[in-house]
Amino acid sequence: MEINMDKKYEEDWKNFCDHGDIGDDWCSEEVVQAILTWIKTNIEFDDPILDIGCGNAAFIFQMYHKGYTNVTGIDKSPNAIKLATEISHQECAKVRLEVCNVLGSVPSDAPDSPLNKKYRLVLDKGLYDSVVLASTSTEGSQTKAKHFRDNYVKRTSQLLQPGGILLVATCCHTEEEMKQTIGKNGMQIKYLICDM
Ligand SMILES: C[S@@+](CC[C@H](N)C(=O)[O-])C[C@H]1O[C@@H](n2cnc3c(N)ncnc32)[C@H](O)[C@@H]1O
């Protein structure tokens, strides 16, 4: 069943305003640390980084405080970006946060859109999992999941600089499954397989 993420982030935003609680992270602290360790070894501090489906952007703020200066977060949920923007003020974090659908069309009249830039690292921590999960629980699931995956590969590869890397953290797929479904497209992909 598809979860209405925008509704969830609206609740999280209210919670943040009332109690200062920033909400959940899709991955465990162990996974977050594993991603940060990988980034430390492979990505320069001023490399452009895009977090697709950033949610409350908690991970982006961790990167920012570690010294990464060129980080953008996008999410299709307006309430996620509203919450993330509110938290960014509290964190005094200079990061770019925007409502964008990474699978939607690239705006030809907005050259400054995050979707019209190229990145050294495109990070996906939960978007791939949540969309595949949602598409496989409905009628015509195989076709929907395939359509999503094809579009996902097309759009994420367009966002990468030459030599850029897509990092996908997944709790729902094995490395073998990922390689068979999205890994055969010549794009440089790093998988982080997480325990639920
Ligand atoms: C499971 S949550 C993960 C949030 C965050 N990355 C984390 O690790 O806590 C998946 C996020 O992807 C976003 N999302 C789903 N489809 C998207 C799309 N096509 N474009 C941008 N964001 C999307 C959802 O709104 C949601 O915030």
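Which residues have the most contacts inside the largest nonpolar core?

**Figure 1. The largest nonpolar core.** This is a predicted model, in which local features need pLDDT of at least 70, side-chain atom pairs count only at pLDDT 80 or more, and totals for chains, interfaces and linings use all residues. Residues are numbered from 1 along each chain as its sequence is written. The largest nonpolar core has 48 residues. Those with the most contacts inside this core are Ile49, Leu50, Ala57, Ile60, Ala84 and Val122. A nonpolar core is a set of buried Ala, Val, Leu, Ile, Met, Phe, Trp, Tyr and Cys residues joined through C-beta atoms within 7 Å. A residue is buried if 20 or more other C-beta atoms lie within 10 Å of its own, exposed if 12 or fewer, and partly exposed in between, with C-beta atoms placed from the backbone. In soluble globular proteins, nonpolar side chains tend to be buried together.

**Figure 2. Strand 1 and its two partners.** Helices (H or I, at least four residues) and strands (E, at least two) are DSSP runs, numbered from the N terminus. In a regular strand the side chains alternate between the two faces of the sheet. In strand 1, Ile49 and Asp51 point one way, and Leu50 and Ile52 the other. All four are buried. Strand 1 pairs with strand 2 in the parallel sense, over four bridges. Two strands pair if DSSP finds at least two bridges between them. The bridge partner of Asp51 in strand 2 is Gly73. Strand 1 also runs parallel to strand 4 (residues 119-125), again joined by four bridges. Here Leu50 has Val122 as its bridge partner. Beyond its neighbours within four places in sequence, Ile49 is in contact (C-beta atoms, placed from the backbone, within 7 Å) with residues including Ile43, Met63, Tyr68, Val71 and Leu121.

**Figure 3. Two right-handed crossovers.** Strand 1, helix 3 and strand 2 form a right-handed β-α-β unit. A crossover is right-handed if, with the strands pointing away from the viewer, the path from the first strand over the helix to the second runs clockwise. Strand 2 and strand 3 pair in the parallel sense over four bridges. The chain passes from strand 2 through helix 4 to strand 3, and this β-α-β crossover is right-handed. Ile74 has Glu98 of strand 3 as its bridge partner.

Figure 4. Ala57 lies in the loop between strand 1 (49-52) and helix 3 (58-66). Its phi is positive, about 65°, although Ala57 is not a glycine. Most residues other than glycine have a negative phi. Ala57 counts as buried because 27 C-beta neighbours lie inside 10 Å. In helix 3, the residues Ala58, Phe59, Ile60, Phe61 and Met63 are buried. Their cover includes helix 2 (29-42), strand 1, strand 2, helix 4 and strand 4. Gly67 follows helix 3 and has a positive phi, near 115°.

**Figure 5. The shell around the ligand.** Of the 22 residues around the ligand, Trp26, Gly53, Gly55, Lys76 and Gly126 come nearest. A residue belongs here if its C-beta atom, placed from the backbone, lies within 6 Å of the molecule. Strand 2 (71-75) and helix 5 (127-136) are the elements that give two or more residues to this shell. Helix 5 gives the most, with three. The shell divides into 12 nonpolar, six polar and four charged residues. Ala, Val, Leu, Ile, Met, Phe, Trp, Tyr, Cys and Pro count as nonpolar, Asp, Glu, Lys and Arg as charged, and the others, Gly among them, as polar.

**Figure 6. Helix 5 and Cys172.** Leu127, Tyr128, Asp129, Val131 and Val132 of helix 5 are buried. The buried residues of helix 5 pack against strand 1, strand 4, helix 6 (141-158) and strand 5. Cys172 sits in the loop between strand 5 (160-170) and helix 7 (175-181). Not counting residues up to four places away in sequence, Cys172 touches Asp129, Val132 and Leu133. Cys172 and Leu133 are 39 residues apart in sequence, and their C-alpha atoms are 8.3 Å apart. Cys172 is partly exposed, with 16 other C-beta atoms within 10 Å.

**Figure 7. Cys92 in its loop.** Cys92 lies in the loop between helix 4 (78-91) and strand 3 (96-99). Cys92 has a positive phi of about 50° and is not a glycine. Cys92 is exposed because 9 other C-beta atoms lie within 10 Å.

Note on methods
Two residues are in contact if their C-beta atoms, placed from the backbone, lie within 7 Å.
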